[in-house]
Amino acid sequence: MAEHPNHIQKKRTMMKDRVGCVRASTYSLPVEGHAYGMKTPEVAEGAGNIISNWVTANPSLEKKSSKLIVYSNVLAIKHGCITSTAMRQYSIAHPNIRMKEVLNNDSTRVDANHEGPFGIKTKFSEDPINNILQGRYTNFANEDTDYPSVVSIKKVGFMPSPKPTIASQSQALARERKEEQEKPKHFIMKRFQNIKGKFEQDRESEAKMRASMEGTGYREEE
């Protein structure tokens, strides 16, 4: 299974179920024994009393204004009312301003419905619907995964980690070999170069003791 990119957040709706496992969570859960919600205080009035004495609210009527403010301002400007005070006085002086009904010269209606077609034309696909419904294009190899692979998703503003190439791998291998060759050796004085370390001496003494206890011959290597 491919690793989930860090720059793409997991979605709860895309989390899949797994056989024998609990669905994985996309966020941190509280500790065990945590109580959710708010405790409801007890009320003396029961549910039966509430249902039997159900009180409904009387909604207020919608406020409708029959005044055309925009058209009134246009007429006020035509009559020389430039300031807001003059426009307001003009609208108060002429409260019954109405738009004239526009009549068409032909027989077509203004609110005639569009006969279509609507929407975007569906593009032709070579894949038959039977193969799609039968799941022939679905890969069931990763049924145990709890989240779909989103590696191919490209998110604006984020750059995924680059994939290694043959050239980059060769350069990395050559760089490691060069660093190993240039790595300074541990300094040892010349008089102590042929002396074995303490751990090697301890191993030789243990092997010599084990050989003597088993009754086999032991010869120290020159």
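Buried means under 20% relative accessible area, exposed over 50% and partly exposed in between, with a 1.4 Å probe and protein chains only. The model is predicted, so local features need pLDDT of at least 70 and side-chain atom pairs count only at pLDDT 80 or more, whereas totals for chains, interfaces and linings use all residues. Residues are numbered from 1 along each chain as its sequence is written, and side-chain values use heavy atoms, with hydrogens and water left out.

**View A. Ser72 in helix α2.** Ser72 lies in helix α2; helices are DSSP runs of H or I with at least four residues, numbered from the N terminus. Ser72 counts as buried because its relative accessibility is 2%. Leaving aside residues up to four places away in sequence, Ser72 touches Tyr90, Ser91 and Ile97, where contact means heavy atoms within 4.5 Å.

**View B. Packing of α2 against α3.** Helix α2 (residues 69-78) packs on helix α3 (residues 84-93) at an angle of about 110°, and their axes are 9 Å apart. That makes α2 roughly perpendicular to α3, a class that runs from 65 to 115 degrees, with angles under 35 roughly parallel, over 145 roughly antiparallel and the rest oblique. Axes are lines fitted to C-alpha atoms, for helices over the stretch in contact, and angles run from 0 to 180 degrees between N-to-C directions. The crossing of α2 and α3 is right-handed, that is, the near helix is turned clockwise from the far one by less than a right angle.

**View C. Residues in the contact of α2 with α3.** From α2, Ser72, Asn73, Leu75, Ala76 and Ile77 meet Met87, Tyr90 and Ser91 of α3. The residues of this contact comprise five nonpolar, three polar and no charged. Ala, Val, Leu, Ile, Met, Phe, Trp, Tyr, Cys and Pro count as nonpolar, Asp, Glu, Lys and Arg as charged, and the others, Gly among them, as polar.

**View D. The two sides of α2.** Ser72, Leu75 and Ala76 are the buried residues of α2. Down the axis of α2 they fall within an arc of 105°, so they line one face of the helix; the arc is that of the directions from the helix axis to the C-beta atoms. The cover over these buried residues includes α3. Val70, Ile77 and Lys78 are exposed on the other side of α2. Gly80, which follows α2, has a positive phi, near 90°.

**View E. The two sides of α3.** Met87, Tyr90 and Ser91 are the buried residues of α3. Their arc around the axis is only 95°, which puts them on the same side of α3. What covers them includes α2. The face turned away from this buried side carries the exposed residues Gln89, Ile92 and Ala93.
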